[in-house]
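Have the viewer open beside you as you read.

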Amino acid sequence: MKPFRTHLDTWKQNQEILTDPNRPSWQELDRVFALYPDLPREAIIKEDILRSGLAFTEDALTVSSGYKPKAYFIFSFDLAPLSELKNEEDLRSPEEFRLLGGPMNLRRTTISVRNNPKSPYVADIFEGKMWLFLEGQPVGECELPQHPTYYDKSLSNGKPVHEVAPTIEWGYLIYLTVYRQCQYWGKEEECLFCDINENYRQQKHSGRPYKVTKTIEEVLEALEIIAREESSARAYTLTGGSVTSTLQGMDEAQYYLQYARAIEERFSRRWIGKVVMQALPKPDLIPFQQAGIQIYHPNYEIWDKRLFGILCPGKERYVGREEWHKRILDSAEIFGQSHVIPNFVAGIEMAKPYGFTAVADAIASTAEGLDFFMSRGVSPRYTVWCPEPLTYLGAQNFGAPLELHAGIMKAWRDTHARYKLPVPPGYGDPGVGNTVFSVSAFMDVIKV
Ligand code: SF4
């Protein structure tokens, strides 16, 4: 078997030299606050934490263990491999936390946990409460997500419910990864920032009860339990890797459609149904809309033409950038403009060795893509890049500059406002202090 540590040695070597100008610090935060005075500080801090991860002290891990644990719902979303999480952070850290108060009187901000024992952001216990510190100075207090009762339950075949149907976004979203691998294999095809296949290997190696696929019966049984016990879930995402040939004798659309149909037949619009797949032709998508799926995420990952070809070689080869974009716009005729929400990965614009070297150029490129889609009524959303060490890019990058993330946030907010687009559906309430979306601040920066 191919070792899952493909990039581990590179990552370890680079840890020594990646002490870098990009490392989070109060000085850099203050500089970016001053550059972007009209962005909420909560949003800037949120993206700074997401791009660099956070460390937990032993006391903080002891407390966190009593709360909802990180489910590793698709990618690792950590900045260290499992083998380097020496204090079992993978088992003891929480899925998310809410940062609030502190010296800046922060409004409540929901942030996904990305483990990084070397991060200058450190969660620790102070006077009986969990706090987040940066360079030893307090940023804010941390609230942790309650451990849902259904996380302790198992299916009739013994599988834990939280492995089949974890919830994220503070319980708002049920995350159904029904295919834990991607058929874009290796450097010639895999997206260079994605660790879906490597994460699968490392999780299996560590003993987590990961399975490549989930059966429809398992998904339905898990959803029955959630429907009985979990009242805060409002949406589900049906997702997994790309299928370039067949999976269980089906092509990509057929494979994911069987789950959509079964869920909607049983639960008919109880939750907002979303599906993440490649950009597929219209005839493949119509059955999803007819089945009851409301939101489609055909993720375009990065706007720049040159970088798309390099960073998403499989997507470029099998579909092609222009065709991908055309299919995104075509799908709006099926789901409605506001219900097509393609994701991009904010930060990879500047990933070494291929990315832009100037922050302004990277922001301009991403803003061009936002204008392309938003002027046509489609609002992309984004995930802050997590440089996972078992990926080609993560092995040689600490992360993108905070200034880039702030610039993208502003470009997203201003373009969205300029075209007077609706709040993207399926993410809960917008506005700083209200949002549950935890892997970027695009919902936090919407003015309400
Ligand atoms: S298409 Fe790219 S981003 Fe999506 S799962 Fe496959 S390798 Fe990862």
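Strand 4 (residues 121-126) and strand 5 (residues 129-134) run antiparallel and are joined by six bridges; strands here are DSSP E runs of at least two residues, helices are H or I runs of at least four, and both are numbered from the N terminus.

A word on the model itself: it is predicted, so local features need pLDDT of at least 70 and side-chain atom pairs count only at pLDDT 80 or more, while totals for chains, interfaces and linings use all residues. Residues are numbered from 1 along each chain as its sequence is written. The mean pLDDT (the predictor's confidence in each residue, from 0 to 100) is 94, and 95% of the residues reach 70 or more. Over residues 1-5, however, the pLDDT is below 50. Where pLDDT is low, the predicted coordinates should not be read in detail.

Back to the sheet: it is open, with six strands in the order 1-4-5-6-2-3 and mixed pairing; two strands pair if DSSP finds at least two bridges between them. Why is one side of strand 1 (55-56) and of strand 3 (106-112) left without a neighbour in the sheet? Both stand at the edges, each with a single partner strand.

A further open sheet has five strands in the order 7-8-9-10-11, again with mixed pairing. Its edge strands, strand 7 (167-168) and strand 11 (295-297), each pair on one side only. Strand 10 (residues 272-276) pairs with strand 11 in the parallel sense over three bridges, and Lys274 has Ile295 as its bridge partner there.

Next, follow strand 12 (residues 343-346), which runs parallel to strand 13 and is joined to it by four bridges. Val345 has Thr383 as its bridge partner in strand 13.

Finally, step back to the whole chain, which is divided into domain 1 (8-143) and domain 2 (149-418), with bounds from an automatic or database domain assignment. Their centres, taken over C-alpha atoms, are separated by 23 Å.

Note on methods. Two residues are in contact if their C-beta atoms, placed from the backbone, lie within 7 Å.
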